[in-house]
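Subject: Structure handover

Hi,

Here is the structure you are taking over. My notes on the charged side chains follow below it.

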Amino acid sequence: MEAGSARKSQRMSTPRSRPSSARTSSASGPRTIKAALRATTPTKSPSVVSNFDPTYLPMATTWEPTSADSSMVVGLDGLGGASRLVAIDNNSPTDERYGAIVEIPERKTVVFQGVVDICVLSGAVSACEFLILPGGPWRRIYSPSSHPLVSVRAVQTTRNATLTAQSTDAEIVQLQELWDARTKSGSNGSLVPSGAVVAFRVVSCGLEHIGMAAPPYRNLFTLKHFSERQEMRLPKKPAKRKVALSRLVEANKTKRAAKEYASKSASQPATDIESDRPLTEEDAMESDTGGEEFSAVVEYMHREDTLLALIGLPNFYPVSHLTAELQLLQVPVDWTENLDLASTSALQLDDGFEPTPPVYVIAGTQGQGKSTFSRLLLNRLIGRYGRIFYMETDLGQSELAPAGALTLSMLTDPLLGPPFTHSGITEPYHAVYMGVTTPKNDPDRYVAAIKRLTTVYRDFVANMRIQRALESGNGDKPAYASSTADLNRQVVPLVVNTQGWLKGLGIDLHYSLCETVKPTNYVQLYDSANSSDKADYEASSNGLAPIIDFSGIEACDPRLVWISAMSYERATLMLNAQPLAVVSGDAANDNESSEATISESQQQQPLTAVSNMDGAIRKGSKLAAHDMRALSLISQLYLAGGAVQAQQWNSNLQQLANPQWCLQAPLASQRPLAVPWADLVVWLGEEDVPASQLLRALNGAVVGVVAISTAPSPDAHTWTESEIHGLYSCANGISDQAAIELSEPGSRALLRASIAEHRPANMDGHEQRVLPPRIVYGQPNSNTTTFLTHALVRSVDPTDGHVHLLLPPSVVRPANGNRSGPMAQLSTLHRIVGIVKGPGPST
């Protein structure tokens with residue numbers, strides 16, 4: 001610490017002067033060899049260990065084209081609905097491509113930045129720990145640079161991994177025909193012996209343009225050229241004159257050799273070598289690198305350009321090697337072992353021989369990877385059970401909605417991307433809006449909300465058991481499952497993601513959560529570099545309980561699991577491998593041992609502490625908590641549409657499939673929904689806003705939208721459509737009594753806002769009365785209402801008495817006549833009864 005402070009002080013007192021040539025030289029662009037030379041300048045940053053080797057970068061994509069038939073580029077023949085997919089040349093421009101087919105050998109990976117649709121033609125692949133098999137639908141994967149990049153890995157599976165008749169998607173069938181014609185394997189869809197055949201499809205969902213709405217995030221889905229990333233990884237450092245002159249001759253020779261090597265490959269872009277001008281002293285002054293380092297950089301650049309030429313698509317950029325601003329989602333060994341156990345372990349039975357749904361609680365301090373592990377666990381459990389419940393109790397880092405709410409969501413599809421890529425696309429089964437990012441100001445309400453969500457989950461499980469008994473005709477005893485698949489279908493697990501506040505009041509709240517949820521599996525993350533975490537972990541091996549004592553909780557004896565943390569400081573890729581050598585194509589094919597790739601054992605080794613590592617530290621970009629919240633809120637507010645469909649297993653909940661975002665147009669230009677404020681209850685929470693200033697406080701605010709809950713209340717009451725209509729007094733909007741009943745007991749109500757109640761006469765000469773809004777100083781009743789989504793108050797019209805709201809498209813959809821239940825014909829929009837104005841989800 002003292003040494004670091006000293007270095008910082010020295011930099012501040014003696015700033016480094018930059019040579020004018022670094023800014024004025026315009027001989028070539030960023031993709032030139034001169035830029036690559038500058039990019040390999042070693043750094044003395046404290047974040048890089050002393051034995052850093054600038055010639056080595058960790059390999060990301062381990063897939064290598066073994067032959068000309070190992071990949072195929074696909075384009076469209078014709079326009080409109082009559083177009084068909086056809087194979088096109090690999091040298092075709094990227095913007096003319098529609099898809100690509102890749103044969104990935106077993107345990108090899110394709111790592112990319114961007115967004116893409118994926119399907120499997122044969123074999124099986126894993127992405128974010130979700131197993132993708134043939135015959136399934138297209139799966140959309142998001143891989144932005146703000147989070148660890150996603151890898152598509154070919155894996156073995158005992159399940160039938162061939163294209164089946166259930167694949168009715170026309171494009172998948174055409175892709176299978178194209179690949180069969182290429183490989184001459186016939187149309188039987190035979191399984192690749194040691195790998196998988198994967199098809200990628202172009203995606204233009206609008207989220208790749210997020211930089212238009214938020215300029216700091218403009219490059220999340222666009223991969224910079226390797227030379228530019230390398231230049232960011234190693235800052236420029238002017239070399240001493242004698243060092244530059246001594247390396248000048250060697251660098252010139254290396255440049256000529258690199259030009260000759262690059263010219264052998266048709267896929268090598270001409271922009272990599274833009275000039276035959278020999279390197280000058282000025283070029284060498286900007287570099288502190290030798291010929292060996294230069295050759296490695298040229299090879300890295302060439303390999304990534306080759307991958308882009310073979311399988312690259314618009315918004316889909318394969319990554320060859322990792323640089324400083326990129327991370328790779330590498331699952332530690334102990335994570336994988338516990339994920340395997342969760343997806344294969346036998347179910348526990350209760351006294352009535354009924355399967356007990358597993359309940360997972362993920363615990364750990366801030367920044368240790370709780371959300372990441374929860375997401376991977378969700379994907380594993382969905383692959384086994386088909387549906388799960390996910391309870392989010394971290395107000396500051398929510399997974400399925402912007403911050404500020406406790407949510408209970410039913411999921412039937414995997415989460416193949418970071419939180420902001422699926423924020424707001426699923427209607428929560430039940431949720432409680434807090435409006436803040438920490439429970440410290442109202443811990444009692446936080447605990448009460450967790451109890452309410454837990455009750456809703458248990459009621460669902462109980463009702464599901466009763467429904468099975470009625471369907472079986474055995475009275476109150478459900479029918480026994482005839483197979484493992486049927487048994488899994490009867491179980492709906494629960495995953496609880498907790499907050500990272502585990503000190504003082506935070507540990508009391510965590511104890512209350514465990515006391516309420518009663519987990520069957522308690523997963524705690526620990527950091528071996530932290531002395532306190534290490535001591536707790538060593539104590540746990542002797543049978544001591546972690547964090548809290550479960551012996552004091554009745555009927556709760558969970559399986560305790562410790563896994564290593566994946567914090568940002570420790571989420572580093574430390575692989576001891578040699579630099580990628582320049583090997584000719586013939587030599588690479590004849591001598592497999594000379595292939596300079598990272599071994600499988602190295603890729604599977606667990607992440608260790610920085611103090612124990614022997615290689616270089618590889619860190620990606622780090623976003624603060626407020627950046628994550630901003631991304632989630634922006635993503636939800638700019639949702640433009642998608643295929644609205646009922647969730648599998650529960651037709652009362654809706655979700656967006658293949659969502660679309662409109663980020664080119666500002667929010668001010670979007671068409672809002674005009675809602676009469678007489679039909680809304682305005683809850684002000686703990687804010688002391690005078691009634692006369694209500695409209696000003698609402699204008700431009702982010703609010704929580706509250707609707708009638710579809711889940712039964714504690715007294716087993718379920719709202720009907722007629723009861724919802726009964727909340728309103730004809731043309732007078734929501735009644736005063738209804739506003740009180742929909743609020744928590746003890747709320748201080750002011751049912752009339754101080755605004756003008758009349759407006760000028762209309763064209764008929766009649767004066768129209770504008771009803772004032774209903775204000776409640778308190779919170780909505782979580783037993784009868786649920787938080788639905790966030791909305792932006794675009795404007796307030798006091799003349800007509802309307803509030804203009806920007807709502808997600810899934811909320812303003814029309815009623816679905818095919819739905820069943822007491823509110824079958826009632827759309828989500830008609831269930832909305834109010835809005836909550838709090839401090840806001842981004843504070």
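Buried means under 20% relative accessible area, exposed means over 50%, and partly exposed lies in between (1.4 Å probe, protein chains only). At 24% relative accessibility, Glu744 therefore counts as partly exposed.

Some ground rules. This is a predicted model, in which local features need pLDDT of at least 70 and side-chain atom pairs count only at pLDDT 80 or more, while totals for chains, interfaces and linings use all residues. Residues are numbered from 1 along each chain as its sequence is written, and side-chain values use heavy atoms, with hydrogens and water left out.

Now the salt bridges. A salt bridge is a side-chain nitrogen of Lys or Arg within 4 Å of a carboxyl oxygen of Asp or Glu. The whole structure holds 13 of them. Helices (H or I, at least four residues) and strands (E, at least two) are DSSP runs, numbered from the N terminus.

- Glu744 and Arg445 form a salt bridge at 3.3 Å, N to O. Glu744 sits in the loop between helix 21 (736–741) and strand 25 (748–750), and Arg445 in helix 12 (residues 443–472), so the pair ties together parts 299 residues apart in sequence. Arg445 counts as buried because its relative accessibility is 9%.
- Arg380 and Glu129 form a salt bridge at 2.6 Å, N to O. Arg380 is in helix 11 (residues 370–385), and Glu129 is in the loop between strand 5 (125–127) and strand 6 (130–132), 251 residues apart. Both Arg380 and Glu129 are buried.
- Arg201 and Glu171 form a salt bridge, with the closest N and O atoms 2.8 Å apart. Arg201 lies in strand 9 (residues 195–201) and Glu171 in helix 4 (residues 170–183), so this pair joins parts 30 residues apart in sequence. Arg201 is buried, with a relative accessible area of 15%. A network of salt bridges links Asp117, Arg140, Glu171 and Arg201.

Which charged residue is buried yet has no salt bridge? That is Asp394. The nearest side chain of opposite charge, Lys370, is 5.2 Å away. (Lys and Arg count as positive, Asp and Glu as negative; His and the chain ends are not counted.) Asp394 is placed in the loop between strand 14 (388–392) and strand 15 (405–411). A polar atom of its side chain lies 3.2 Å from the backbone nitrogen of Gly396. Beyond its neighbours within four places in sequence, Asp394 is in contact (heavy atoms within 4.5 Å) with Asn497, Thr498 and Gln499.

Best wishes

Key:
Polar contact = N/O pair within 3.5 Å; in protein donor to acceptor, adjacent residues only side chain to side chain.
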